[in-house]
Amino acid sequence: MATIYLNKQNLFSNLDKISKINPNILAVIKDNAYGHGIFSISKLLREYGIRKVCVRNIDEANLVREFEEILIFNPPTNRNAINFSYAINSLSQLKKNRHPYIHLKIDTGFRRNGILEEELDETLEIIRQRKFELRGVFSHFCCADEFGCDTFIQYDKFLKIKEKIEKFCKKYNIKCPYFHIANSAALSKLPDTLDFVRPGIAIYGGIDGYEPVMSLEADVVSVRELDAKEGCGYNKTFMSEKKIKISTIDVGYADGIPYFTNGCKLKDTEALGKISMDYMIVKGEFKKIVVFDDIKEFVKNFDTITYDILVKMSPRIKRKIIESDNGNSVKQSDKIHS
Ligand SMILES: *Cc1c(COP(=O)(O)O)cnc(C)c1O
């Protein structure tokens, strides 16, 4: 049976690192906490002291109600009785909105969603007249993981808008919202990360400088010997040159591992040939296999990003929290011989 282990020590070390930059963290736990499991991650975040989170939609918000503030990135337009915060992603959404607590998203250059600069006056007027509680104002970077000046152009634009909003709030004696713009990649780039930071992938250790939280382990369900010049798996895309032992493990592309046709590097061995829906064949004789324990390494097998693999890990796989690093958190494939 495949199991996903969540390394609490690494998670906390990532949160420590982020806290040193800015202790006010709006932790992004959208999409099942980037595939890690929203319940397990929420439990750990609360234990760490995180009080505010961002989720994708209202269904996710309802799963984690214990947090002090829950910002829903893509909320419905109807009023919800619960104290959630709704992101306002466009002027037309604001006009339809009936929920009292909002965070205004500003399009500073991503061109995906958010209020445009020229819509700001009308937007603030609606907020004032309809007495929405403007809790936050935010924007999102498109190129924070690159060199170049896009991030700083967006940042400057955001600061300008921040000033305008602050003036407006002062004028009408409205409580000033808090401002947040820094995603993971921007954490170490900005001169000032403003009131709150809004990291996702850094929490889970999917970018450089942070420790991986997820590892995936699977059981060996059968072992056999492959002859020289014998192939294995669908279409026999792997052909052995010599006699070797092979093991079949009980995890496949149905569990979220990206499809591959010509092998894949695992932590202590390699998968051979094509991945099956529920199985992979690996080289060597094992009882257990660590498929990956650092997504930053595993992703190199594929033409994709760490986010994409993590977020698709099947929610059916059992999640287990590893509490402390006393030896059993460093998982090794249980090798017999190869
Ligand atoms: C997903 C998301 C984040 C987190 O981004 P990371 O790159 O994972 O840090 C922050 N803000 C918004 C609006 C997002 O959609």
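Accessible areas here come from the Shrake-Rupley method with a 1.4 Å probe, and for residues only the protein chains shown count as cover. On that basis, the protein chain has an accessible surface of about 16,200 Å², with 48% of it belonging to carbon and sulfur atoms. This is a predicted model, in which local features need pLDDT of at least 70 and side-chain atom pairs count only at pLDDT 80 or more, while totals for chains, interfaces and linings use all residues. Residues are numbered from 1 along each chain as its sequence is written, and side-chain values use heavy atoms, leaving out hydrogens and water.

Let's start with the overall build. The protein chain holds ten helices and 19 strands, taken as DSSP runs (H or I of at least four residues for helices, E of at least two for strands) numbered from the N terminus. Of its 338 residues, 53% are buried, meaning under 20% relative accessible area, with exposed set at over 50% and partly exposed in between (1.4 Å probe, protein chains only).

Now look at the open sheet, where eight strands follow the order S2-S3-S4-S5-S6-S7-S8-S9 with parallel pairing; two strands pair if DSSP finds at least two bridges between them. Strand S2 (26-28) and strand S9 (196-197) are the edge strands, each pairing on one side only. Further in, strand S4 (residues 69-72) and strand S5 (residues 85-88) pair in the parallel sense over two bridges, and Leu71 has Ser85 in S5 as its bridge partner.

Finally, visit Tyr253, in the loop between strand S13 (244-249) and strand S14 (264-265). Tyr253 counts as partly exposed because its relative accessibility is 34%.
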